[in-house]
Amino acid sequence: MNQIPMTPMGVGKLLDKSFNVYRQHFGAYFLLALIWFGPFLLLQQLLLIDLSSVPLLMQDTEGLEFWEAMGEKFMGQEGMVTQNIVRLLLYLFLVAPLTLVVAYPQLLAGATLLTKSAWEQQTVDLKAALKGALGRFWPLVGSTLVYGLLAIAVVFGFTLVFLLIGFLFTIVTGSSIETFLDAGSDFNPVLFFLVFLFGYLLFLLGLVLVPGYFLLRWSFYLPLVLFEKGGVGIDQSWRLTKGNFWRIFAIFIVLSFLYSTFSGGIQVVILGILGTSIISQIILVVLSCLLMPWMAIVYALVYFDLRVRKDGTDLQEMMNRQLDQSTDRLSAEEPGAAHE
C-alpha cells in the first residue's frame, strides 16, 4: 500500500491514534506481550508467591461481613508473599534483571516495528517484527544496560544532593529529630510531621522533574538503536527530544494516569471477587500483557512524531541556509560589490 504522509500530532490525536492502532492489530500486539512478558511474569508469580497458602479458585471469606471480607481479601496479598530467601534472591538477581534487559527492550522494539508498519499502512507482520527485534538483540541489551546505569547514577546523585541540602538545613537552623520531638522545646510532633511531609513531597516532585528530565530526554535510545544501528542512542535521543520535553512529559503523565486508573480499577474488581487465589494472579498477569502493548504503542508513536518534527526542522534549517547562500551570491554579483 502507499505510504501516507506523516504529520506532527498533538497529545489528544496521538493517544487517539494509539487506541486505533491497538484495536486494529490487537492480536499481534497481545501475542508479542505474551511471548516476551508472559513467561517472565509467570516466573515472578511462581517465585514470589507461596502457592501452598493460596487457594486455586477463590479465597474463602464465608461467615464474614461484607467489609470484613473485603479487608481479608486485600490484606491477603501481603500474606501470600513467600518467605523463601532462595526464591527471593533468584527473582532479584536473575528474573528481574532479565526482564529489564531482555523482555523490556524486545517488547518495545517489536511494538515499535509493528507500529511503524501500522503508521505507514503496510502489512503488520508479527513474525517480521520479532525477527527484526531479535536481529538487534545485543545492541538493544547493551544500550538498555547503559540507560539503566545512567538512571541509577542520576537518581542516586539527586538523592544525595537532596539529603545534603536537608543536612545543611538542620545545621543552619540548629534543628534535629530530637528537637522536634522534645516536649519542652518550641517544636512539637505535629510540626515535625508537617515538615517531614513537606520534605517528602518536595523530594518526590524533584525526583520527577530533575532525574525525570534526563531520563525522559534519553528514553528514546531504543528505536534509534533499532533503526539507525549506530551507538547506544543516548546522545541521539537527547538531540531528538530537544525543545519537546514538556509535550512528552504531558503525554506520559496522561498515559501514567490512564494506565494506573484502568489497571488499578480492574485489580480492585478482581481481588474483590476472587480475593487472593492462583486464578486471580493469572488474570492479573494476562491484564499486564493486555495493557503493556498500549503503552509501547504510545512510546513508538511519540518517537515517530519526534522524527517528523525533527526532520521538518532540519529541512527548514537547510532551506534557510540555502536561501542565505543565494542572497550572499546575489549580493556579491551586484555591480560595484567588488569595490566596496
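Which residues in α5 meet which residues in α6?

1. The model is predicted. The protein has 13 helices and zero strands. From the N terminus on, the order of elements is α-α-α-α-α-α-α-α-α-α-α-α-α.

2. Some totals for the protein follow. Of its 340 residues, 38% count as buried. The accessible surface is about 20,000 Å². Carbon and sulfur atoms hold 70% of that surface. Among contacts with a separation of 6 or more, 81% join residues 24 or more positions apart.

3. Now the contact between α5 and α6. On the α5 side, the residues are Q106, A109, G110, L113 and L114. On the α6 side, they are L126, A129, G132, A133 and L134. Seven of the residues in this contact are nonpolar and three are polar. No charged residue takes part.

4. Next, the geometry of this pair. Two packed helices are described by the angle between their axes and by the distance between those axes. Helix α5 spans residues 85–119, and helix α6 spans residues 126–134. They pack at an angle of about 130 degrees. Their axes lie 8 Å apart.

5. The angle here is about 130 degrees, so α5 and α6 are oblique to each other. The crossing of α5 and α6 is right-handed.

Notes: Residues numbered from 1 in each chain as written. Predicted model: local features only at pLDDT ≥ 70, side-chain atom pairs only at ≥ 80, totals over all residues. Heavy atoms only, no water. Helix = DSSP H or I, 4+ residues; strand = E, 2+ residues; numbered from the N terminus. Buried < 20%, exposed > 50% of the residue type's maximum accessible area, 1.4 Å probe, protein only. Contact = heavy atoms within 4.5 Å. Areas by Shrake-Rupley, 256 points an atom, 1.4 Å probe, with all protein chains shown as cover. Axes fitted to C-alpha atoms, helices over the stretch in contact; angles between N-to-C directions. Parallel < 35°, antiparallel > 145°, perpendicular 65-115°, else oblique. Left-handed = near helix turned anticlockwise from the far one by under 90°. Nonpolar A, V, L, I, M, F, W, Y, C, P; charged D, E, K, R; others polar.
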